[in-house]
Amino acid sequence: MSSMIDQNLKISIFGESHSAQIGVVIDNLPAGIPIDMDKVGAFMARRAPKKETYSTARREADIPQVVSGLFEGHTTGTPLCAVISNTDTRSQDYKQMQSKARPGHADYTGYLRYHGQNDYRGGGHFSGRLTAPLCFAGAVALQALEQLGVTIGAHILSLGGVWDNAFDPVGITPEDLQAVTAADFPVTVNPVKLKMLEAVEKARLDLDSVGGTIECCAVGVKAGLGSPMFDGLENVISRIAFGIPAIKGIEFGSGFDCAGMTGKEHNDPFYIDENGQIKTRTNNHGGILGGISSGMPLIFRVAVKPTASIGAEQQTVDFIKEENTTLSITGRHDPCIVPRAVPCVEAALAIALLDAYMAPTLDLTEKGGR
């Protein structure tokens with residue numbers, strides 16, 4: 001399967017929603033990176049199910065057990081492997097999904113791709129459950145990036161049609177990002193939280209679900225990271241972000257709004273600030289030009305679809321009997337997964353940036369070149 005990131009940083013995620021364990025192997029990490037497991041646990045707790053009605057009733061501790069690659073609080077340079085136990089599965093809830101395609105899920109396509117051998121329980125390897133090991137890898141990457149002066153944070157920009165204030169694309173600070181990551185419900189304007197929760201509760205009572213958008217930012221990223229064409233920062237970030245099952249769209253900087261702008265409106269004028277740093281007065285480019293970081297805040301947004309598992313009866317097919325049928329999904333599901341997806345998006349960005357920092361470079365000026 002293609003559950004691997006294999007550029008400079010090598011990451012492989014394994015397991016299924018209802019397997020005994022899920023986990024991740026991170027290879028090529030430099031030796032000597034200090035890793036605080038309490039911080040790792042706190043980051044993963046942001047993704048874990050909550051007691052609120054907007055979260056699934058499935059309760060998993062999500063405590064990673066490090067098997068290798070960490071000794072006396074530092075990476076050893078050998079593969080870092082962590083496993084997470086699945087302790088609260090109810091596989092009987094998914095018996096009918098063996099042949100009935102849940103709308104919005106990969107039951108049918110997974111059956112085709114793996115010739116009926118896929119684990120259908122809870123979505124198997126297609127499940128959002130696999131974002132737990134992704135968040136472990138992201139938590140490790142975040143601590144490595146902290147050593148480099150990089151701060152990452154994300155917030156719920158919209159949920160169920162309710163909007164938060166967007167980040168300041170030029171003036172966003174590490175403190176701003178730390179404030180949203182420390183919040184129990186990550187928004188920049190507290191009053192919108194209640195309106196968002198009202199939208200989720202209405203959907204839950206209607207046996208329905210809602211989606212939203214997440215805005216993610218990194219500050220302190222040095223200029224010159226990334227590559228043109230297929231290994232650009234946008235490419236790498238997008239590839240990892242789309243590993244989060246609910247993500248259906250992504251945009252950087254002004255994103256799709258640039259299609260309605262003129263060149264004068266969209267271009268970001270350069271200038272040298274009082275510290276001699278080259279910056280831009282606006283940030284429509286979102287901190288990336290030609291696939292390479294410019295030194296401005298790196299900002300992107302992702303679209304998160306409504307939770308596909310809803311309680312209302314839906315039309316579907318039995319793809320084994322090849323007949324039309326209906327389906328009412330049982331089990332424990334989030335009426336909105338946007339809040340729990342926020343740290344997953346931060347993890348995706350952290351992994352992509354650490355990968356970019358680890359890229360080998362050749363400075364010809366050190367060898368007499370220009």
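Predicted model: local features only at pLDDT ≥ 70, side-chain atom pairs only at ≥ 80, totals over all residues.
Local features are reported at a pLDDT of at least 70 and side-chain atom pairs at pLDDT 80 or more, whereas totals for chains, interfaces and linings use all residues. Residues are numbered from 1 along each chain as its sequence is written, and side-chain values use heavy atoms, with hydrogens and water left out. The protein has eight helices and 18 strands, taken as DSSP runs numbered from the N terminus (H or I of at least four residues for helices, E of at least two for strands).

**Overall make-up**

- Of the 370 residues of the protein, 48% count as buried, where buried means under 20% relative accessible area, exposed over 50% and partly exposed in between, with a 1.4 Å probe and protein chains only.
- Among contacts (heavy atoms within 4.5 Å) between residues at least 6 apart in sequence, 73% join residues at least 24 apart.

**Second largest pocket**

- The second largest pocket has a volume of about 360 Å³, the volume being the space filled by probe spheres set on grid points that are joined across faces, edges and corners.
- A pocket here is an open set of points on a 1 Å grid over the protein atoms alone, where a 1.4 Å probe fits and protein lies on both sides within 12 Å along at least five of seven lines; lining residues have an atom within 4 Å of a point.
- The lining consists of 15 residues, of which Phe43, Leu142, Glu146, Ile152 and Thr181 lie nearest the centre of the pocket.
- Two or more lining residues come from each of α1 (37-47), α3 (131-146), β8 (151-159) and α4 (174-182), and the largest share, five residues, is given by α1.
- By class, the lining has seven nonpolar, four polar and four charged residues, with Ala, Val, Leu, Ile, Met, Phe, Trp, Tyr, Cys and Pro counted as nonpolar, Asp, Glu, Lys and Arg as charged, and the others, Gly among them, as polar.

**Salt bridges**

- The count comes to 12 salt bridges, each being a side-chain nitrogen of Lys or Arg within 4 Å of a carboxyl oxygen of Asp or Glu.
- Glu146 forms a salt bridge with Lys39, their closest N and O atoms being 3.8 Å apart; since Glu146 lies in helix α3 and Lys39 in helix α1, the pair ties together parts that are 107 residues apart in sequence.
- Both partners are partly exposed, Glu146 with a relative accessible area of 44% and Lys39 with 45%.
- Arg129 and Asp62 meet in a salt bridge of 2.7 Å, N to O, which links the loop between α2 (107-113) and α3, where Arg129 sits, to the loop between α1 and β4 (65-68), where Asp62 sits, 67 residues apart.
- Arg129 and Asp62 are both buried.
- In the salt bridge between Lys279 and Asp273 the closest N and O atoms are 3.2 Å apart, and Lys279 is partly exposed at 33% relative accessible area, whereas Asp273 is buried at 9%.

**Surroundings of Arg301**

- Arg301 is found in strand β16 (residues 298-304) and is buried, with a relative accessible area of 14%.
- The side chains of Arg301 and Glu215 are joined by a polar contact of 3.2 Å, that is, a pair of N or O atoms within 3.5 Å in which, within protein, one must be able to donate a hydrogen and the other to accept it, residues adjacent in sequence counting only if both atoms are side-chain atoms.
- Not counting residues up to four places away in sequence, the residues that Arg301 touches include Leu157, Ile214, Glu215, Phe252 and Gly255.
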